[in-house]
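Please keep the structure in view while reading the points below.

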Amino acid sequence: MSRTWRRGKEIVPLLFVLVCGSALPAQEEAFRVGPLAVRPGEIVSGMIEVPAAADPGTQIPVTIVRGERPGPILALVAGNHGYEYAPILALQRLRAHLNPKGLRGTLILVHVANMPSFFGRTIYYSPVDRKNLNRVYPGRRDGTLSERIAYVITTEVIERCDVLVDLHCGDGNESLRPYVYMPVTGDPRLDAAVREMALVFGIEYIVVDRDRPRDPAASVYCSTTAITRGKPAITVESGYLGTTDPESVERILRGVLSLMRHLQMLDGAPERVAHPVFLDPTRVVTSPATGILYPKVERGQFVRAGTLLATITDFFGRTIAEVRAPLEGIVLYIVATPPISQGEPVAFLGAVKPSS
Ligand SMILES: [Zn+2]
């Protein structure tokens, strides 16, 4: 498995730098991420190294777009899960679209956070250390590969930014309807900023997320690493089942541009969701058995408590378990490929909050 991603590493150029825009006074201080330094009016792309330790190292492709005028630093992270392609393609499109002229502030684009998982084509887990990158933040400098990637992203990206969006979609096994996770912390200033971010992203289904960690030293998730450091952040889900459909990619691009208008990085008015659907509570439904999964509902479907979500058979086709909805609500995702192990997610359901 490691050979696959080492081959991937070889085909990626070590460092390339593209600079555009006019020359600026030498005294303008450069903004730095890893080995990249960018002055106002420039776009710089290159690799941040994750050094080898007990296991081999990797690289993280990053672009910094620095506007000619000052403003907030917005970090967009794609590919924490390497089989989630719509966000990765959306950042390719965004990079081609952006012009530092007229831009206020700075964008940090993490194009593929988890290169081992991307080239290894693995869902959830790294092929190197079998860890889920989006469960090991803020990472460890001397940890296994996933922990070292998280450490580099925490120190080089999250600690440098003011606002963060972690971009996901349904993983290779998940048939997912678009939604946004809106963390709720109890800090009114932070919660108001996060709520506005969620609304201007333009996806009407918003998960009210009350259960994220509060400890910055054990933040677990990428977005929570920003939140626990006092920085507004949301997690966006758009796309499903390893596809690269234009609609899922376009939705992310549109959301990012709308958020940039909201943050006054770009001129114009954001596209705020007119009729948000807040989902609260939500529930991940896990599998009681190991075997072959047959989904019985579609993404986005409304289900009542007790509705059959999936059946699980043994390898000879005999039904060994049924999975039913524990609450009435929307199917935000349903696992739609056959392999299932006991304790793994089968579905994610959200109850529509009446007061929304
Ligand atoms: Zn993901």
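A salt bridge is a side-chain nitrogen of Lys or Arg within 4 Å of a carboxyl oxygen of Asp or Glu. The model is predicted, so local features need pLDDT of at least 70 and side-chain atom pairs count only at pLDDT 80 or more, whereas totals for chains, interfaces and linings use all residues. Residues are numbered from 1 along each chain as its sequence is written, and side-chain values use heavy atoms, with hydrogens and water left out.

**Salt bridges**
- A search of the whole structure finds 17 salt bridges.
- Asp 314 pairs with Arg 318, their closest N and O atoms being 2.8 Å apart.
- Asp 314 is buried at 14% relative accessible area (buried means under 20%, exposed over 50%, partly exposed in between; 1.4 Å probe, protein chains only), whereas Arg 318 is exposed at 53%.
- Asp 209 and Arg 212 form a salt bridge at 2.5 Å, N to O; Asp 209 is buried at 10%, and Arg 212 is buried at 16%.

- The chain carries 39 positive and 36 negative side chains, and the centres of the two sets lie 1 Å apart.
- Lys and Arg count as positive and Asp and Glu as negative, without His and the chain ends; each charge is placed at NZ of Lys, CZ of Arg, CG of Asp or CD of Glu.

**Overall setting**
- Buried residues make up 55% of the 356 residues in the chain.
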